[in-house]
Amino acid sequence: MDAILLQVLNGLDKGGAYALIALGLTLAFGTLGIVNFAHGALFMLGAFTAVSFNKLLTLQKVVLDTAHKTPWGDPVEIRTPYVEAMFGDFGKFMVDWSVPLSILVAIPVMLLIGVIMERGLIRHFYRRPHADQILVTFGLAIVLQEIVKHFFGANPIPQPAPHIFAGSADVGAWLGLAKGTIVYPWWRLIYFAFSAVVIAAVFAFLQLTTFGMVVRAGMRDRETVGLLGINIQRRFTIVFGLAAVVAGLAGVMYTPILPPNYHIGMEFLVLSFVVVVVGGMGSLGGAVAAGFLLGILQSFASMNEIKSLAPGIDQIIIYLVAVIILLVRPRGLMGRKGVMED
Amino acid sequence: MSKKLINRRELIRNAAIGGAALAAPLHFVRDAHAEAYCNMPTGKTVTLGFNVPQSGPYADEGADELRAFKLAVKHLNGEGDGGMLNTFKPSSLKGNGILGKKVVFVTGDTQTKSDAARASAKRMIEKDGVVMISGGSSSGVAIAVQGLCQEAGIIFMAGLTHSNDTTGKDKKRNGFRHFFNAYMSGAALAPVLEKAYGKDRKAYHLTADYTWGWTQEESMKKFTEQIGWKTVKTVRTPVGAGDFSQYITPVLNSGADVLILNHYGKDMINSITQAVQFGLRDKVVNGKKFEIVVPLFSRLMAQGAGDAIKGVYGSTNWNWQLQDAASKAFVKSFGKEYGQPPSMAAQTCYVQTLLYANACEMAGTFSPAGVVKALEGFKFDGLGNGPTEYRAADHQCFKDVLVVRGNEKPKSKFDLLEVVEITPRAKVEYDPKIFGGELGPVNAKPC
Amino acid sequence: MFAKTARGDWLLFAIFTAVVLAAPILFAPIGAGYPDLLQKFAIYGLFAIGFNILFGLTGYLSFGHAAFLGVGSYATVWMFKLLSMNVLPAVVVSVVLAGLFALLIGYVSLRRSGIYFSILTLAFAEMSYKLAYSVLTPITNGETGLQVRNLAKAGVVNFQHGDLRILDRAFGVVEHGVPMSNLFGIKMSGWPGFYFCAAALIIGFFIAMRISRSSFGMMLRAIKSNQNRLNYTGVNTRPYLLAAFVISGMYAGMAGALLAVTDPLAGAERMQWTASGEVVLMTIMGGAGTLLGPVLGASVIKYFENIFSAINENVLHQVFSWLPQGVQDVVVSILSLFVGEGWHLTLGLLFMLIVIFLPGGLMEGLGRIVSLFKRGKAASDAAQNGQEA
């Protein structure tokens, strides 16, 4: 019983991550009709915003100690972080909390990146075939990756969560079960809560504001909205920036779970496309629902009992579900008719 | 490079089957001289091929291997401070290249994919005319390139490859491995684990679901069961899964008190980071502190895993903090050149290059037949691993194995592993027959 | 580039054949005149030509064609193990098997169109890859890759240690060392291997040309331009699509077989989504829908992968040794960002530049160059021909 509860919890946690990653992708697709293969790269850039911020905070004053030598004869370097030297305990706190604090940095940075990308490149591809969009965004993803690799190397860079979230929470005890039966890492619970907040914020933004209303109208029928004299173009630019922010934040918060390297985006690219398509192209609700569905299914498929029934099922479950859903329900879980069918 | 082009007779035969449409112009003229073996060096230089991952997740390991190769070439040509050339014995190296020919090298990107690695190796053989290829950072790639070198008739000096298969069922006469293997990891780790964690332990394995993972799981299971541990469960995980949480959650209530992670590289970094997040190392099960073991790890990986690796036991081929004269000489020379200590991948690649050069000098030829004969059963010392032997029966180096632990209080960003024990060679030796496979005949035919 | 007439076609075909056969001399100056790379040009060219029959003509973007390539490779190595090291039976069986596999996947996937079709094919290919890498290891030998082994000793059949090769045994073929793939005794590595692949490429090109000019090809193009209209006029498009899918799957199977023929080893990574993506990139980069474009795109990408990745700083220093020391160092340090381990960066930039400035791929670029020379003639005409030739 507790094993199943644990897997459900794990599925929700995974699902939150999948949904968050897919949300930005489907936002860009639903509004702009752009198949963005650079979405994974945006996720990666977000993660590296956190890495850079941490590096910045831990910038160290280097003093050469000529009394001691390294085995190859150079003087030993003594390093003290500037932040600690300047701010003392508050500096230590900032370093400890660098991942959550990076959110503040990532929002403007990712918005800027998104807007530049849309203005500079994506805009010229609205009317081009999807194949061209794929090629150009894929090329962009490679370029961004290689730039990051040049500065940060190929090895993963660990980003610890704030100290107080390092351990695990005894979820079982909250539910009235025996102590220690269901423990779950604090940071993953936080990630889950964080994704819920971001998703809710995006929905609220689109559903409750005038801006959101116009965008939603634009998603349905761009031409008519344009004919009404509304500058849908500028709004779409902002929406793309928003998608970049969502992808970036997903990346920032994921760094304590998965030490990021320059390749991390590519690993999420295929997955996020599958989630989006299962949910229905351009459907935000669908992306969220599909994210949770796939997360939970994957979690269960990895249980030993199920694997012994169907060997290898944990390897293919996501794709298998995608195939079945697309065959049974052509437009995905919540997709609208006619989207992206030609 | 015309010597590697087709000969006229082959071309005519080929054109005949190809039909009239294929009647290609007879532009290939074979060099006048006869070639005794593939890519026989005729000029003033000899070319070696260094095939390492330059892109993909192992690019940092590859970059370090390349640094080591460049350093080895420098030392062979008599430049720099000579590094381990000064400690290596018995050495026939003179510091004037190999057999009087200056050593030059070509590089290639394996992308950690067998196909790309073989394409790159073929380029080196067919276009650049190399007599030896070295490098690699995964067993699949190493085995694929080793097979290719056997077919082509050149020598393969394996770099970082840890699977039992490389010198087990997939061994080849033209291929040699200096690095240790999963079997040795198991044999060396078990006694140390017994001392640290006792005889009464229940182990849970998470294993990368591919050939290397399986061989390591098998070896670890065998040796831990010999010291009285029980194996609760062995679970296979997809390669490159990223998030391993769904495999870690069942460990929590499985009754196991040790988790053995048969993962490598990025997978290992992710799985150990996540296992620690799930509080496994703070847990107490069966009245004992829960422990994690990572049978193979390297300093570069430890760097990626950060705090999670502290206090975790594993094994490694070599560590830069070893205090023997050879290791010190190598670290000094590498550090001076690049401002950082070498990784274990760098050491094995450097050593392999020296061993190859030395074998050529011993044999007095670059011919694979001579080199293989010189290397088989070659006993040497002074290359950082103590007394070592290239066993003739399977072309595997036998030497002491290092058991290491993630350093609790690193003094610098390179000071990540501490050597706990140096397991003597006798304890990790095995009968070459247990893995099957055959070396086959040496291929020293012209290509 | 060439007029859309029968004579233009034959001219194109003749020139193509001549260039392919003379490739060892033509490509030598740019460092590509060695067998393995030319084999790769031919094999991936063939793969891309086949892919283009589906994508270029019908507009259906498959992200799973690497699966057929993988099936072709595995089938070939298995035929080497079971039947004979002679390549003919292996190639035939591989193409047929890949065709059947394509029939199965195509039948299911073609129930959907657009991006849904793409994701279905991607899902099938990823499932094939994941299973081949793990659970199906007894058949595929997993990460290590399926290899040919020496003949088993009589009575012992364990494919890890020895092969059967029924036909070879029946004909009393004697093996020394590593068994080599051959065509009636001609070994299929090196230059003979290249000419075998070249022959396959030329034949494949010819078939693709005929398909593209046939009424079947017209029908496929009609599907691309407006499938609804076809449906309304009572034409059932599914059989045409399925036929195109299976044909392109067979091309992929043939390419996979040739990979194993020239180098008898099959690995699972040939089926990964990145491999499927690669053929998409090749085709679009060269010019989707054109006859020559896919071959061109395949060659450019393979050239980058093999030659650019091998240029290191030493090589650059040699090339620029005529510059004064200081300038040389600066030039080398800048250029080394783009070659060697930076070859991916160059490739990424190239993708972007081509798709931004040459929407029709390299073929459009060629068309523009040709039209520059034919200043008098309408430039747009040539560009258009480039796209549709």
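Two strands pair if DSSP finds at least two bridges between them, and that idea opens this tour of a predicted model. Residues are numbered from 1 along each chain as its sequence is written, while chains are lettered from A and ligands numbered from 1 in the order in which they are written. Because the model is predicted, local features need pLDDT of at least 70 and side-chain atom pairs count only at pLDDT 80 or more, whereas totals for chains, interfaces and linings use all residues. Helices (H or I, at least four residues) and strands (E, at least two) are DSSP runs, numbered from the N terminus.

**Paired strands**

- In chain A, strand 1 (residues 60-69) and strand 2 (residues 75-81) run antiparallel and are joined by 7 bridges.
- Across this pair, Lys61(A) stands opposite Thr80(A) in strand 2 of chain A.
- The two strands of chain A form a hairpin with 5 residues between them, and Gly73(A) in the turn has a positive phi of about 95°.
- Chain B has an open sheet of 3 strands in the order 13-14-15, with antiparallel pairing.
- Its edge strands, each pairing on one side only, are strand 13 (379-380) and strand 15 (397-398) of chain B.
- Strand 13 of chain B pairs with strand 14 (residues 388-390) of chain B over 2 bridges, and Lys379(B) stands opposite Glu389(B) in strand 14.

**Where the chains meet**

- Two residues are in contact if their C-beta atoms, placed from the backbone, lie within 7 Å.
- The contact between chains A and B takes 36 residues from chain A and 37 residues from chain B.
- On the side of chain B that touches chain A, the elements giving two or more residues include helix 2 (59-76), strand 7 (230-237) and helix 10 (325-338) of chain B.
- That side of chain B has 12 nonpolar, 16 polar and 9 charged residues; Ala, Val, Leu, Ile, Met, Phe, Trp, Tyr, Cys and Pro count as nonpolar, Asp, Glu, Lys and Arg as charged, and the others, Gly among them, as polar.
- Between chains B and C, the contact takes 50 residues from chain B and 42 residues from chain C.
- Helix 9 of chain C gives the largest share of the side of chain C that touches chain B, 6 residues.
- By class, this side of chain C divides into 17 nonpolar, 16 polar and 9 charged residues.

**The nonpolar core**

- A residue is buried if 20 or more other C-beta atoms lie within 10 Å of its own, exposed if 12 or fewer, and partly exposed in between, with C-beta atoms placed from the backbone.
- A nonpolar core is a set of buried Ala, Val, Leu, Ile, Met, Phe, Trp, Tyr and Cys residues joined through C-beta atoms within 7 Å.
- The largest such core has 375 residues, and those with the most contacts inside it are Val246(A), Val274(A) and Phe47(C).
- Domain 2 (45-180 + 320-400) and domain 3 (183-316) of chain B both give residues to this core, so it lies between them; domain bounds come from an automatic or database domain assignment.
- Leaving aside neighbours within four places in sequence, Val274(A) is in contact with Ile318(A), Tyr319(A), Ala322(A), Ile119(C) and Ala123(C).

- The expected span of a helix is 1.5 Å times one less than its number of residues.
- Helix 2 of chain B has 18 residues and reaches 25 Å from its first C-alpha to its last, close to the expected 26 Å.
- Of those 18 residues, 17 are buried, so helix 2 of chain B is largely enclosed by the rest of the structure.
- Helix 12 (residues 264-279) of chain A has 16 residues and reaches 23 Å from first C-alpha to last, close to the expected 22 Å.
- Here 15 of the 16 residues are buried, so helix 12 of chain A is largely enclosed by the rest of the structure.

**Residues to look up**

- Pro368(B) is found in helix 12 (residues 368-375) of chain B and counts as buried, with 26 C-beta neighbours inside 10 Å.
- Leu327(A), in helix 15 (residues 313-328) of chain A, is partly exposed, with 14 other C-beta atoms within 10 Å.
- The peptide bond from Lys89(B) to Pro90(B) is cis, with omega near -5°.
- Thr112(B) has a positive phi of about 55° although it is not a glycine, and Thr112(B) is buried.
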